[in-house]
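Please keep the structure open beside you as you read.

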Amino acid sequence: MRRRRLRGLGLVALALLSACGIRPTDPIPGLQAPSGPVENTTPSLYWASPGGTVVPTSRPRGSLSGFDVIALLAQGPTAAEQSLGLGTEVPFDAAPATIDRVANGLDVNLSTDVSQLSGTAVQQIVCTVLGLQPVGSVNLRGGGRSLELRRCA
């Protein structure tokens, strides 16, 4: 009898301990969860300088997205930026481009053969894109070729 009583008390204790007191409800609808990489809202475009390096210049807050920076690099610097001796080596036919998040960073798919890009053009693209979305490295793809794991130097 004592064994039965202990077993009964044990079952009651287990039931009390396992109950959390929250009643089940239907799912609560909400908005879609955010996805994709976070973009910098105060971006810089990197231009070719007379010394052969790339130099960042700021653009107005929120004026760029990852999808139009390649076109802006291909179009070249503003008149004010040109007066500082800045230019571009990104060819006009590099745009349109797409940018996708991948495990090691970003894939940038250009509309031109990436094997034909100068080292300065590669750095302009890589530094600009990583400035917008600072994640790992950049893989440039286009024209059936690719330049893998590029970083801003």
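A word on the ground rules comes before the fold. This is a predicted model, in which local features need pLDDT of at least 70 and side-chain atom pairs count only at pLDDT 80 or more, while totals for chains, interfaces and linings use all residues. Residues are numbered from 1 along each chain as its sequence is written, and side-chain values use heavy atoms, with hydrogens and water left out.

**The fold**

The protein has 4 helices and 6 strands; these are DSSP runs numbered from the N terminus, with helices being H or I of at least four residues and strands being E of at least two. Read from the N terminus, the order of elements is α-β-β-α-α-β-β-α-β-β. Of the 153 residues, 34% are buried, where buried means under 20% relative accessible area, exposed means over 50%, and partly exposed lies in between (1.4 Å probe, protein chains only). The protein exposes about 9,900 Å², and carbon and sulfur atoms supply 58% of that area, as computed by the Shrake-Rupley method with a 1.4 Å probe. Among contacts (heavy atoms within 4.5 Å) with a separation of 6 or more, 57% join residues 24 or more positions apart.

**The sheet**

Four strands form an open sheet in the order β3-β4-β5-β6, with mixed pairing; two strands pair if DSSP finds at least two bridges between them. At the edges are β3 (98-102) and β6 (145-150), each of which pairs on one side only. Neighbouring strands are turned against each other by 15° on average, direction ignored. Helix α4 (residues 119-132) packs on this sheet and touches β3, β4, β5 (137-142) and β6, its direction making about 130° with that of β5. Both angles rest on axes that are lines fitted to C-alpha atoms, for helices over the stretch in contact, and angles run from 0 to 180 degrees between N-to-C directions. Strands β3 and β4 (residues 105-109) run antiparallel and are joined by 5 bridges. For T98, the bridge partner in β4 is N109.

**Charged side chains**

Side chains of opposite charge can pair when their charged atoms come close. How many salt bridges does a search of the whole structure find? The search finds 2, counting a side-chain nitrogen of Lys or Arg within 4 Å of a carboxyl oxygen of Asp or Glu.

| Salt bridge | Closest N to O |
|---|---|
| R141 and E148 | 2.4 Å |

R141 in strand β5 and D107 in strand β4 are 34 residues apart, so the pair links distant parts of the chain. D107 is buried at 13% relative accessibility, whereas R141, at 24%, is partly exposed. E148 is partly exposed too, with a relative accessible area of 37%. Through shared partners, the salt bridges join D107, R141 and E148 into one network.

**A glutamine in a helix**

Q82 sits in helix α3 (residues 79-83) and is partly exposed, with 48% relative accessible area. The side chain of Q82 reaches the backbone oxygen of P77 at 3.0 Å. Q82 and W47 are 35 residues apart in sequence, and their C-alpha atoms are 9.5 Å apart in space.

Technical notes. A polar contact is a pair of N or O atoms within 3.5 Å; within protein, one must be able to donate a hydrogen and the other to accept it, and residues adjacent in sequence count only if both atoms are side-chain atoms.
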